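Subject: Structure handover

Hello,

Here is the structure you asked to look over. Please load it first; my notes follow below.

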Amino acid sequence: MKYLKNNEGYALLLVLFLIVFLISVSAIVANGSLNHSKQEVTTDISNQAVVAAEMGVDYFKVLGIAEYNRIKFHHYNILIEKINAYYTSPEISTHSDMQKELKVNNIKNDYLINIGEAINDYYTNFSQRITVNDQIYYELGNIGQDIPSYQINEAKVVINVNVKGISNNKVSNLKFDMNIPSPILVITPVEPIESKWVPPSFIEMEKKILDPSAHGGINKCVDPLVNITCLGDNLLDLKLLNNTTVFTTNYNYGTGNLNYSLKKSTFYNNGTWELHNAIGLSDVTVFSNNDVTVKNIDASSTYFQVKGDFTGEQVELSNSTINLIGDFVATKHFYAVNTNLCVEGSINLQKKTELSNVNIYYTGSLTPSNLSGSNSIVKKVSVDSLRSECPISNPNHPDVDDPGVLQNPIISAFWEDPYLKVTY
């Protein structure tokens, strides 16, 4: 008997097996790809939420710093009033140096509390949602729950803010602390004097500038620069000056950050005078017979007498006076408190301006024309009446009407910029 060999059935089974195998593998691969795709979409959404939260941190940081700059002079005025009240009170004569320091620190803490409460209220009442697109936006955390709060810590107020970034209902939370240091104060009690300080005329000023040798032999400035009069150049290290009188020509300085150690000194300058990045300028007097340009300065208890234009870029002045023949121009933000501007010329304030207890007298034009500030005077006068009406005083030579009465101290203040710490 013969058996016929036929493998067609096996081939069919093999084909069916391969089809099932391929379908299974394809299903596994497709499912993996789908899961991977879902994971990528989820990851993208999560990343978008984080990016939105980071955008929110940048946004609310800028708002917070702007609000701080808006309110700080108001609260600084209150701080100065409290210190003046303390230094003119009978109790100060019974206090030791340690007690005086403690009292001033308590006043500074009150200042920080006021700043903290003000910015806290600003953030708390900010309920606007900032939209990137239909699915992505950022906002502050839940009102009254996790935003904002503040505490006083090591001579600074720390504002704690929570920011939410949302992408397709996926939420990412970031927290940032805005640290605002207390202003650094240099308090100098005023010694009673009977004679009133009178500014030199511009003719007298220029005569002294052009002929310094007429006032005695003057050598080039060398260390130590304390209690001397000398000839300086652009290599002069301003941080070493202390009660120094310096004669300069076409002065231009400032490649670094000059802290408040630049103090109690007088400049007589022939030609242009430029100063950059003087974050701390205290108890300084500048006489110049030509234009003065300052960039990024924070000046306290300063006096400028200038026969020329005064141009400032990012300038903060407190307890200061500018006595000027020429135009006053502020090309960037200009902040002034307890300050006098006596300008024989025009005033042009091109950017944001904050004034508190400021006297501005001018003879030319005023830009903007509706300039105002709290407890401030802005007045156009004639050239003849400018220096009789405008309160020209040198904060480094305070007037004392009655030597028997305790006087307000000279207070120099310097603010460090707020800085942030972000927590992911």
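Buried residues make up 43% of the 424 residues in the protein. Buried means under 20% relative accessible area, exposed over 50%, and partly exposed in between (1.4 Å probe, protein chains only).

Two points on provenance. This is a predicted model, in which local features need pLDDT of at least 70 and side-chain atom pairs count only at pLDDT 80 or more, while totals for chains, interfaces and linings use all residues. Residues are numbered from 1 along each chain as its sequence is written, and side-chain values use heavy atoms, with hydrogens and water left out.

Overall picture

The secondary structure comes to 4 helices and 22 strands. Helices (H or I, at least four residues) and strands (E, at least two) are DSSP runs, numbered from the N terminus. Of the contacts with a separation of 6 or more, 42% join residues 24 or more positions apart. A contact here means heavy atoms within 4.5 Å. The protein exposes about 22,200 Å². Carbon and sulfur atoms supply 52% of that area. Accessible areas come from the Shrake-Rupley method with a 1.4 Å probe; for residues, only the protein chains shown count as cover.

V51, M55 and V132 make a nonpolar surface patch of about 220 Å². Patches are made of residues with over 30% relative accessible area and no salt bridge; like charges are joined within 9 Å, nonpolar side chains (Val, Leu, Ile, Met, Phe, Trp, Tyr) within 5 Å. M55 is found in helix α1. M55 is partly exposed, at 36% relative accessible area.

T94 sits in the loop between α1 (8-87) and α2 (97-124). T94 counts as exposed because its relative accessibility is 60%. A polar atom of the T94 side chain lies 2.6 Å from the backbone oxygen of E91.

Now α3 (residues 202-210). F202, M205 and I209 are buried there. They cover an arc of only 60° around the axis, so they are on the same side of α3. That arc is taken over the directions from the helix axis to the C-beta atoms. An α-helix has 3.6 residues a turn, so residues three or four places apart point the same way. The face of α3 turned away from its buried side carries the exposed residues I203, K207 and L210.

Salt bridges

How many salt bridges does a search of the whole structure find? The count is 11. The criterion is a side-chain nitrogen of Lys or Arg within 4 Å of a carboxyl oxygen of Asp or Glu.

- E139 pairs with R129, with the closest N and O atoms 3.1 Å apart. E139 lies in strand β2 (residues 136-140) and R129 in the loop between α2 and β1 (130-131), so the pair ties together parts 10 residues apart in sequence. E139 is buried at 18% relative accessibility; R129 is partly exposed at 44%.
- K220 pairs with D233, closest N and O atoms 3.7 Å apart. K220 is in strand β7 (residues 219-220) and D233 in the loop between β8 (229-231) and β9 (245-253), so this bridge ties together parts 13 residues apart in sequence. K220 is exposed at 57%; D233 is partly exposed at 30%.
- E154 pairs with K156, closest N and O atoms 4.0 Å apart. E154 is exposed at 68%, whereas K156 is buried at 11%.

Best wishes

How values were computed: Polar contact = N/O pair within 3.5 Å; in protein donor to acceptor, adjacent residues only side chain to side chain.
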